[in-house]
Amino acid sequence: MVRSREGSLASAYQTFGDLNDEKDNVILFPHMYSGTHRDMERFIGEDMAIDPTEYFVILPNQLGNGLSTSPHNTPPQDGGMGYFPDVMIEDDIRAQHKLITEEFEIKEFQLILGWSMGAQQTYEWIVRYPDMVKRAAPIAGTAKVTPHDQLFIEAHKEMICSDPAWNDGFYTEPHAVHTGLRRHALIWSVMGLSTQFYHQSEQAWERAGFQSVDDFMANFWENWFLPMDPNNLLTMATKWQHGDVSRNTDGDLEAALGRVVAKVYVMPFEEDMFFPVRDCEYEEKMIPDSELRPIPSLWGHFTMFGVFDKDLEAINEHISNLLNESV
């Protein structure tokens, strides 16, 4: 793990494969809310579209995730914990751009892709630095956060902050806020998957290896969120809540997306309640050389976890098709 710096912000990253002499075999793969680079590694392999024997793959960690500069790893006297400032998606992309251009001297990407907040970062890249990106795949995310998502994010932030142990971000240790983190996990369990996932006729939780909805709640949702640092989650949530590429064009979303010169596959998940297909399609129609590639799955927004093999295979197939597009 290596860190690059943008001002006082340090961005951690992981790489796979080798950068070729021409420096033109690069894929950038940022991650989602609550994640790290490790969560994207399942899509990298010699038997997959993102083949590290062919491509140099960079997995950046977003600011606030606990590996890059975050409330969790910044001392309070230096602006950590409850003193940590709001950062935006743009701050991530500026830090990544500095890493790409100065440390690696890379001038173009074969592909940038990402899921959820990774999609937000993908959109920011192709709008802010359009000439650097040949292909892009924003997966289950939007270029401009919708009012619905802003409300949802406010609700899940409130789940954490309503725990008295949060103490305005100055808790004794992260697990002290376990009540807030459990509430946070609960609201994600409602919105993160499709309604059909929980339908008795489907029993999708059983096919995923769980004995009941309660077992799934405890050993999937709570197991995911309870070990996390509350301030880190709130920092990432604020970035998501304010994600908007139209800040590059004085609020004009159509003008922002009209800047894009990459070949783009917009890849929503059909049962996603955060980023419905129609919201993604609305933006896709503004992107000059783009295609809408919906993916069906009962896993809704969390289809990207690839718990069902067919979901992982479908995502990988779309990535493969995009990499094979002549640009």
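What percentage of the 327 residues in the chain do buried residues make up? Buried residues account for 59% of them, where buried means under 20% relative accessible area, exposed means over 50%, and partly exposed lies in between (1.4 Å probe, protein chains only). This is a predicted model, in which local features need pLDDT of at least 70 and side-chain atom pairs count only at pLDDT 80 or more, while totals for chains, interfaces and linings use all residues. Residues are numbered from 1 along each chain as its sequence is written, and side-chain values use heavy atoms, with hydrogens and water left out.

**The whole chain**

Display the chain as a cartoon. Its secondary structure comes to ten helices and eight strands; helices (H or I, at least four residues) and strands (E, at least two) are DSSP runs, numbered from the N terminus. The radius of gyration is 19 Å, close to the 20 Å that the globule rule gives for 327 residues, so the chain is as compact as a globular protein of that length. That radius is taken over C-alpha atoms, and the globule rule is 2.2 Å times the number of residues to the power 0.38. Along the principal axes, the C-alpha atoms fill a box of roughly 55 × 55 × 40 Å.

**Helix 3**

Next, select residues 147–161, which form helix 3. Colour Asp149, Phe152, Ile153, His156, Lys157 and Ile160, which are buried. The face turned away from the buried side carries the exposed residues Pro147 and Leu151. Helix 4 and helix 7 (230–241) are among the elements that cover the buried residues of helix 3.

**Thr235**

Within helix 7, select Thr235. Thr235 counts as buried, at 10% relative accessibility. Apart from residues up to four places away in sequence, Thr235 touches Leu63, Gly64, Pro71, Phe84 and Val87, contact meaning heavy atoms within 4.5 Å.

**Aromatic rings**

Now show the rings of Phe, Tyr and Trp (its six-membered ring), which pair if their centres lie within 6.5 Å; planes under 30 degrees apart count as stacked, over 60 as edge-to-face and the rest as tilted. By this rule there are 37 aromatic pairs. One of them is Tyr33 with Trp188, a stacked pair at 5.4 Å centre to centre with 5° between the planes. Tyr33 lies in the loop between strand 3 and strand 4 (56–60) and Trp188 in helix 4, 155 residues apart, so that the pair links distant parts of the chain. Tyr33 is buried, with a relative accessible area of 4%, and Trp188 is buried at 2%. Phe302 and Phe305 form an edge-to-face pair, 5.1 Å centre to centre with 85° between the planes.

**Final stop**

Select Asp168, in the loop between helix 3 and helix 4 (178–191). Asp168 has a positive phi of about 55° although it is not a glycine. Most residues other than glycine have a negative phi.
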